[in-house]
Amino acid sequence: MAITDTHISTTLATYLKRYPKEATALAEPARLLRQGRDFASRRTFPMHVTVGALLVRNKTEVLLIEHRAYELLLQPGGHLEAEDTTLIGAAVRELMEETGVDTTAMNPVSPAPVYVEFGQVPARPDKDEPAHCHLDFGYAFTTTLAEIGRIQESEVTGAGWYPLPAAEQLVGPRISRAISAPGQIG
């Protein structure tokens, strides 16, 4: 069964219980979610849901990709697919697809997202997409063994391990959440 708006709304509510200071910044996507418009579909505008995966290796470095379309360093992630059943599962799928990492060599930091970001995305005429917003749910994972495998060249131009301080400068404060999220597992 595909990811439902109810699953998305429940996940956002769980996140906001952990990070109540972010309620104002996430008020607009919460309002849109109450409309129930299949936000798991990338064809839903003005907003749809995406996922991200922060993979931390040995508590010292994080895996980042060079995103082909946006020409930015980012955490692996992307749009939901019809076969996805949970947001965290979609994040694992995106991580594996984009970086070739063996996902059996990693563990979730928490079953809940460590960041949720709402932001504007430029139009992509090649994909017949107007400017719109992504509500991005980010999950953190840890590993001691994972190595980069075959990257998804249609989406990614490169992937690499970055020291945590450098990654935070490049990508932002979501990196620190990957290692300091409340309710960490193990």
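**Helix α1**

I started by listing the buried residues of α1, and they are D5, I8, T11, L12 and Y15. Looking down the axis of α1, I found these buried residues within an arc of 130°, so they line one face of the helix. The arc is taken from the directions that run from the helix axis to the C-beta atoms. Buried here means under 20% relative accessible area, exposed means over 50%, and partly exposed is in between, with a 1.4 Å probe and protein chains only. On the face turned away from the buried side, α1 carries the exposed residues T6 and K17.

I noted for myself that this is a predicted model, where local features need pLDDT of at least 70, side-chain atom pairs count only at pLDDT 80 or more, and totals for chains, interfaces and linings use all residues. Residues are numbered from 1 along each chain as its sequence is written, and side-chain values use heavy atoms, with hydrogens and water left out.

Helices (H or I, at least four residues) and strands (E, at least two) are DSSP runs, numbered from the N terminus. Helix α1 covers residues 5-18, and its 14 residues reach 20 Å from first C-alpha to last, close to the 20 Å expected at 1.5 Å a residue. The expected span is 1.5 Å times one less than the number of residues.

I also checked A30, which lies in helix α2 (residues 27-33). A30 counts as buried at 17% relative accessibility. Its C-alpha is 9.7 Å from that of I8, 22 residues away along the chain.

**Rings**

How many aromatic pairs does the structure hold? I found one. The ring centres of Y15 and Y19 are 4.8 Å apart and their planes are at 45°, so the pair is tilted. Rings of Phe, Tyr and Trp (its six-membered ring) pair if their centres lie within 6.5 Å; planes under 30 degrees apart count as stacked, over 60 as edge-to-face, and the rest as tilted. Y15 is buried at 1% relative accessibility, and Y19 is buried at 11%.

Is strand β7 (residues 132-143) mostly covered or mostly open? Mostly covered, as 11 of its 12 residues are buried. I then went through its pairings, where two strands pair if DSSP finds at least two bridges between them.

- β1 (residues 47-57) pairs with β7 in the parallel sense over 11 bridges, and T50 has D136 as its bridge partner.
- β6 (residues 115-121) runs antiparallel to β7, with seven bridges, and E117 stands opposite D136.
- β5 (residues 106-108) is antiparallel to β7 too, joined by three bridges, and N107 is bridged to T142.

I picked out two histidines as well. H134, in β7, is buried at 12% relative accessibility, and its side chain makes a 3.2 Å polar contact with that of H132. A polar contact is a pair of N or O atoms within 3.5 Å; within protein, one must be able to donate a hydrogen and the other to accept it, and residues adjacent in sequence count only if both atoms are side-chain atoms. H48, in β1, is buried at 0%, and its side chain reaches the backbone oxygen of T44 at 3.0 Å.

**Helix α3**

I checked the length of α3 (residues 87-99): its 13 residues should span 18 Å at 1.5 Å a residue, and its end C-alpha atoms are 18 Å apart, which agrees. T86 caps the N-terminal end, with a side-chain oxygen 2.9 Å from the backbone nitrogen of G89. Just after α3, G100 takes a positive phi of about 70°.

Most residues other than glycine have a negative phi, and most peptide bonds are trans. I looked for exceptions.

- A cis peptide bond joins F45 and P46, with omega about 20°; P46 lies in the loop between α2 and β1.
- D38, in the loop between α2 and β1, has a positive phi of about 60° and is partly exposed at 44%.
- K59, in the loop between β1 and β2 (61-67), has a positive phi near 60° and is exposed at 73%.
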